Amino acid sequence: MHIRLTFRSPLCRVAPLVPLPEENQMPSLATTYFDAAIDLLERLRDEEVDPIDEVGAIVGRALRTGGRLFAFGCSHSSLPVQDIVYRAGGLMLVNPIYGPGIAALDTRPTTLGTDIEKLPGYAKALLDNSPLREGDVLIVVSVSGRNAVPIEIAQLAAERGATVVAVTSHEYTDAVESRHPSGKKMKDFAHHVLDNKVQAGDAVLSLPQVPQRFCALSGVTSTALLHALVAAIITDLVDHGETPPVFLAANVDGGAEWNAEHLAKNADRINYL
């Protein structure tokens, strides 16, 4: 509905059309998505800070006593890992483990990665060719936690003496069946679990005209969890008298020189160069 305001004075012109809000107008779905994200982030703040601080202290102790920190995820679950690796403001000591075909979304055809992450035995090949050893910490990200590769990489890393931290969704993984012969999920082999709180299926928006839900949230919440964990690790290192090596933005003057100096100083704990 529009209303036209007309003024008779010769000093005034006809005003433009002024849109009036429709009755019972629904909020934008973009607003709904932001609201859903904020709701889950608030839950993470209220429910996951204690587990995050606990894991941060465990990682900090490992780093202070000769251990290293590694992180792994398949496909979209590799993206939160990549967001804390080799980036401005990030801890230099986060070492990614990438699996060919499942490292991100650069595999062609893209559907191949969906099949590779279900392959029993592939995780052993990845760990056999990684520097992971007893005393290290491995973060494994998998929202559903049901596929063979994240399950086996958590299992094998624990068997090899590493501390395993799972980033998953309790609600999602509890709602699906394992695709591994053991019948177990990734979190069953983890020493610690951080819950990203997304629902089964991940997507949160819906419309009557669309037969399935759309717009996922796990990327937001998993990434937030990992950055919060980095903050907890840095806090622990500082509390124990260490100056954590943190990347300065390469686009800030002096950033490249700073980063090169501190990467060299911590070369014994960095495996991605």
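The protein chain folds into 9 helices and 9 strands, where helices (H or I, at least four residues) and strands (E, at least two) are DSSP runs numbered from the N terminus. This is a predicted model, in which local features need pLDDT of at least 70 and side-chain atom pairs count only at pLDDT 80 or more, while totals for chains, interfaces and linings use all residues. Residues are numbered from 1 along each chain as its sequence is written, and side-chain values use heavy atoms, with hydrogens and water left out.

**Overall dimensions and packing**

- The radius of gyration of the protein chain is 24 Å, whereas a compact globule of 273 residues would have a value near 19 Å; the radius is taken over C-alpha atoms, and the globule rule is 2.2 Å times the number of residues to the power 0.38.
- Taken along the principal axes, the box filled by the C-alpha atoms of the protein chain is roughly 85 × 50 × 40 Å.
- Among contacts (heavy atoms within 4.5 Å) between residues at least 6 apart in sequence, 73% join residues at least 24 apart.

**Surface and charge**

- Of the 273 residues, 45% count as buried, a term that means under 20% relative accessible area, with exposed meaning over 50% and partly exposed lying in between (1.4 Å probe, protein chains only).
- The protein chain exposes about 14,500 Å², and carbon and sulfur atoms supply 55% of that area, as computed by the Shrake-Rupley method with a 1.4 Å probe.
- The chain carries 23 positive and 33 negative charges, and their mean positions are 4 Å apart; Lys and Arg count as positive and Asp and Glu as negative, while His and the chain ends are not counted. Each charge is placed at NZ of Lys, CZ of Arg, CG of Asp or CD of Glu.

**Cysteines**

- The count of disulfides comes to 0, under a rule that requires a pair of cysteine sulfur atoms within 2.5 Å.
- Cys-74 is buried, with a relative accessible area of 5%, whereas Cys-215 counts as partly exposed at 39% relative accessibility.
- Cys-215 lies in strand E9 (residues 214-216), and its phi is near 70°, a positive value in a residue other than glycine.

**Backbone features in loops**

- Arg-108 and Pro-109 are joined by a cis peptide bond with omega of about -5°, and Pro-109 belongs to the loop between strand E4 (94-96) and helix H4 (111-116).
- Asp-202, in the loop between strand E7 (192-195) and strand E8 (203-205), has a positive phi near 75° although this residue is not glycine, and Asp-202 is buried, with a relative accessible area of 10%.
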